[in-house]
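This report concerns helix packing, ligand surroundings and local backbone geometry. The structure is shown below.

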Amino acid sequence: MVEGRGVSGGTGIVILGAGQGGLQVATSLRDDGYRGAIRLVGEEPGLPYQRPPLSKAYLAGKVHEGGLDLRTEDFFREREIELLAPERALRIDRGTRTVGLASGAVLSYDRLVLATGSRNRLLTVPGATLDGVFYLRLRTEADLIRARLAQARRIVVVGAGFIGLEFASLAASLGIEVTVVEAASRPMARSLSVPMSDYFRQAHEAAGLRFLFETAVTGVTGEGGRASGVVTADGALLPADLVLVGIGVVPNVELAAEAGLAVENGIRVDEYLATGDEAISAIGDCASYPSAFAGGRRIRLESVQNAVDQARCLAARLAGRPAAYDAVPWFWSDQGRMKLQIAGLTAGHDEAVPRGDPGRGAFSVFCYGGGRLLGGGTVNRPAAHNIAPRLMARGLGVTPAEAADLGLDLKARAHALLEGG
Ligand code: FAD
């Protein structure tokens, strides 16, 4: 699938990164009627695939061969999207509008899209590179972990974020003893309100997970080159035959930075997803953009929704229909029997209003800042989640008093708001 050496003929659109966002740009460009050449460059082998199942159904062995792939080979042929994979882009020359690839090939572009995603933040303590210390981002990493899970008896998970907890709950369901070590004082603290965090903590503990909060990992011990335990700052030694590190990601910005493009916690783009070079745009995990939902503040999101919606918005602009990116952020995470769904941006909220009964495993939490609805989360309430982004997209929202009032039919109220009643 890789082109030969030399400058390839035809210019068109070159997309770097064949993940969720990069593939969606190519797909939407064709849907929007773009007829020029589209070349999609991805460093991972095989067809573009989705990452969310890696820490969920795929790890549990419930995804059939090829079930992760976002599209079949036929799709690329029929849509005339040239997939160059595995192939790594090494440099961008903005003067000649070319991209140099690891194979030696050089691609010319009219328009360049950076969809290079993010990579795992690495644990840098002594012993962190021992065999048995894993990260979970790539299909190849998930395959390695799956093979080891069968023999694992004791696991330490470093980081109580989404991926760490999805993995931890799955491992615990297999009867493995799992300890989660987290520097913050509660799970998923960056994204969840206190009542929601508390609920997950209790539910996971009831399912057998053990948490150590406000503790840093200071080392990994080993025997015969293989991880045997984790040492914490307060001196505890936690035996482990598998260590999963889930301490966040860093955006892949190096190509852009070396080409002289601005970087600010991600490749800096404007509300049209354009960099300072009119020929180059960036989307997805690697891009930081000014968000209307954050009061114009620059943010960088790591979600399928963000990658896909930004890709669609960008493709429309490249096909001649520019519009500012203003989709409501949303996200999901599956942990044990709990489906968590989050809408909006709740960081910095000053009021969290729970609704429903956490004891029954299905409830919502509405988050407000200065009385304005910023967003919220639901557990096992997909219908409630589905309506929130529609309200927020229109700048509408129920008040804290309405959210707390169990006598009020919130769904009817939301529909009335949407219909202007
Ligand atoms: P990616 O999909 O990561 O694609 C970027 C691609 O660019 C990669 O394949 C990378 O190899 C390639 N690349 C980078 N540099 C180069 C280069 N120089 N040359 C060529 N190719 C390059 N989100 C949710 O909303 N819900 C979930 O439940 C959820 N679960 C997740 C579970 C896991 C285990 C992981 C890892 C992520 C999960 N996410 C989830 C996040 C979501 O998958 C990402 O936000 C999304 O994939 C981002 O899309 P992207 O196109 O920006 O990056």
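Helices (H or I, at least four residues) and strands (E, at least two) are DSSP runs, numbered from the N terminus. Axes are lines fitted to C-alpha atoms, for helices over the stretch in contact, and angles run from 0 to 180 degrees between N-to-C directions.

## Basis of the model

The model is predicted: local features need pLDDT of at least 70, side-chain atom pairs count only at pLDDT 80 or more, and totals for chains, interfaces and linings use all residues. Residues are numbered from 1 along each chain as its sequence is written, and side-chain values use heavy atoms, with hydrogens and water left out.

## Packing of α1 and α7

Helix α1 (residues 20–31) packs with helix α7 (residues 304–318) at an angle of about 35°, their axes being 8 Å apart. The crossing of α1 and α7 is right-handed; a crossing is right-handed if the near helix is turned clockwise from the far one by less than a right angle, and left-handed if anticlockwise.

Contact (heavy atoms within 4.5 Å) involves Q20, G21, Q24, V25, S28 and L29 of α1, together with residues of α7 including V304, A307, R312 and L318. By class, this contact of α1 with α7 has nine nonpolar, four polar and one charged residues. Ala, Val, Leu, Ile, Met, Phe, Trp, Tyr, Cys and Pro count as nonpolar, Asp, Glu, Lys and Arg as charged, and the others, Gly among them, as polar.

## Packing of α8 and α10

Helices α8 (residues 382–393) and α10 (residues 410–418) pack with axes 10 Å apart and an angle of about 30°. α8 is therefore roughly parallel to α10, a term for angles under 35 degrees. The crossing of α8 and α10 is left-handed.

I387, R390 and L391 of α8 meet K411, A414, H415, L417 and L418 of α10. The contact of α8 with α10 comprises five nonpolar, one polar and two charged residues.

## Ligand surroundings

Of the 31 residues around the ligand, G21, E44, R51, K56 and D285 come nearest; a residue is near a molecule if one of its heavy atoms lies within 4 Å of it.

An oxygen atom of the ligand is 2.9 Å from an N or O atom in the side chain of R51. Polar backbone atoms also take part: one of S303 is 3.0 Å from a ligand oxygen atom, and one of W332 is 3.0 Å from a ligand oxygen atom. A polar contact is a pair of N or O atoms within 3.5 Å.

## Local backbone geometry

The A85 to P86 peptide bond is cis, with omega near 0°, and P86 lies in the loop between β4 (81–84) and β5 (89–93). E80, in the loop between α2 (73–78) and β4, has a positive phi near 55°.

Technical notes:
Angles under 35 degrees count as roughly parallel, over 145 as roughly antiparallel, 65 to 115 as roughly perpendicular and the rest as oblique. A polar contact is a pair of N or O atoms within 3.5 Å; within protein, one must be able to donate a hydrogen and the other to accept it, and residues adjacent in sequence count only if both atoms are side-chain atoms.
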